[in-house]
Amino acid sequence: MTSISVQAAGLNDLFKNSSSAKSKFLPVDEAFQVVSNTKATSKGTRLSISFEITPGHYVYKDKLTLSFPKGISATPFTFNQAPVSINDPTFGQVPVFTQRSVIATTTLTTSNGKGAKNAPVIIGWQGCATAGLCYPPEKVKTKIDIAATRK
């Protein structure tokens with residue numbers, strides 16, 4: 001039981017915000033700002049996910065996921081930046097984004113071609129600090145209106 005208490009105290013020390021102890025690592029919402037926006041198009045709804053990445057941090061390309069209800073599909077992500085390959089201590093050789101600003105884009109459609117209002121979408125992602133901390137996987141819940149597709 002003592003080792004668990006010591007470990008918990010150690011984690012608390014990493015994120016302390018008191019003036020006497022400066023945190024070695026930023027809280028996840030300061031290290032990464034993630035914002036999504038949508039735009040209706042004739043091919044469905046374009047979803048853009050913007051990552052503002054604090055220097056000294058990175059986001060895993062392959063940990064970016066979308067979850068949505070049955071009957072909705074998404075095209076593969078395209079990115080405005082090229083990932084770099086790193087030798088990650090946990091996952092080995094992996095593509096990551098280290099750039100300050102990265103935008104991932106996909107198009108969401110319904111299987112019947114009709115629009116959908118307030119479709120629940122969960123954006124999953126994970127990032128790390130190069131100083132040696134991987135943040136737990138994050139999930140951002142949002143609701144998206146999916147435009148009807150035109151033939």
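Biologist: Which strand is Asn 118 found in?
Modeller: Asn 118 sits in strand 10. Strands here are DSSP runs of E with at least two residues, helices are runs of H or I with at least four residues, and both are numbered from the N terminus. Keep in mind that this is a predicted model: local features need pLDDT of at least 70, side-chain atom pairs count only at pLDDT 80 or more, and totals for chains, interfaces and linings use all residues. Residues are numbered from 1 along each chain as its sequence is written, and side-chain values use heavy atoms, with hydrogens and water left out.

Biologist: What's the phi of Asn 118?
Modeller: Positive, about 55 degrees, although Asn 118 is not a glycine. Most residues other than glycine have a negative phi.

Biologist: And how exposed is Asn 118?
Modeller: Asn 118 is partly exposed, at 46% relative accessible area. Buried means under 20%, exposed means over 50%, and partly exposed is in between, using a 1.4 Å probe and protein chains only.

Biologist: Where is Pro 120, then?
Modeller: Pro 120 is in strand 10, which covers residues 116–125. Pro 120 counts as partly exposed because its relative accessibility is 41%.

Biologist: What does Pro 120 touch, leaving aside neighbours within four places in sequence?
Modeller: Ser 67, Phe 68, Pro 69, Thr 142 and Lys 143. Contact means heavy atoms within 4.5 Å.

Biologist: Switching topic: how many disulfides does a search of the whole structure find?
Modeller: The search finds 1. Cys 128 and Cys 134 form it, with their sulfur atoms 2.0 Å apart; the cut-off for a disulfide is a pair of cysteine sulfur atoms within 2.5 Å.

Biologist: Is the disulfide of Cys 128 and Cys 134 right-handed or left-handed, and why?
Modeller: The torsion about the S-S bond is about 95 degrees, so the disulfide is right-handed.

Biologist: Are those cysteines buried or exposed?
Modeller: Cys 128 is buried, at 0% relative accessibility. Cys 134 is partly exposed, with a relative accessible area of 32%.

Biologist: What about sheets? In what order do the 5 strands of the open sheet run?
Modeller: The order is 7-8-3-11-12, with antiparallel pairing. The edges are strand 7 (84–88) and strand 12 (133–134), each pairing on one side only. Two strands pair if DSSP finds at least two bridges between them.

Biologist: How many bridges join strand 3 and strand 11?
Modeller: Strand 3 (residues 57–60) and strand 11 (residues 127–129) pair over 3 bridges. His 57 stands opposite Ala 129 there.

Biologist: Next, is Thr 106 buried or exposed?
Modeller: Thr 106 is buried, with a relative accessible area of 2%. It belongs to strand 9 (residues 101–110).

Biologist: Which backbone oxygen does the side chain of Thr 106 reach?
Modeller: That of Thr 75, at 2.5 Å. Beyond its neighbours within four places in sequence, Thr 106 is in contact with several residues, including Leu 47, Leu 66 and Phe 77.

Biologist: And the overall picture?
Modeller: The protein chain has 2 helices and 13 strands. Of its 151 residues, 30% count as buried.

Key: A polar contact is a pair of N or O atoms within 3.5 Å; within protein, one must be able to donate a hydrogen and the other to accept it, and residues adjacent in sequence count only if both atoms are side-chain atoms.
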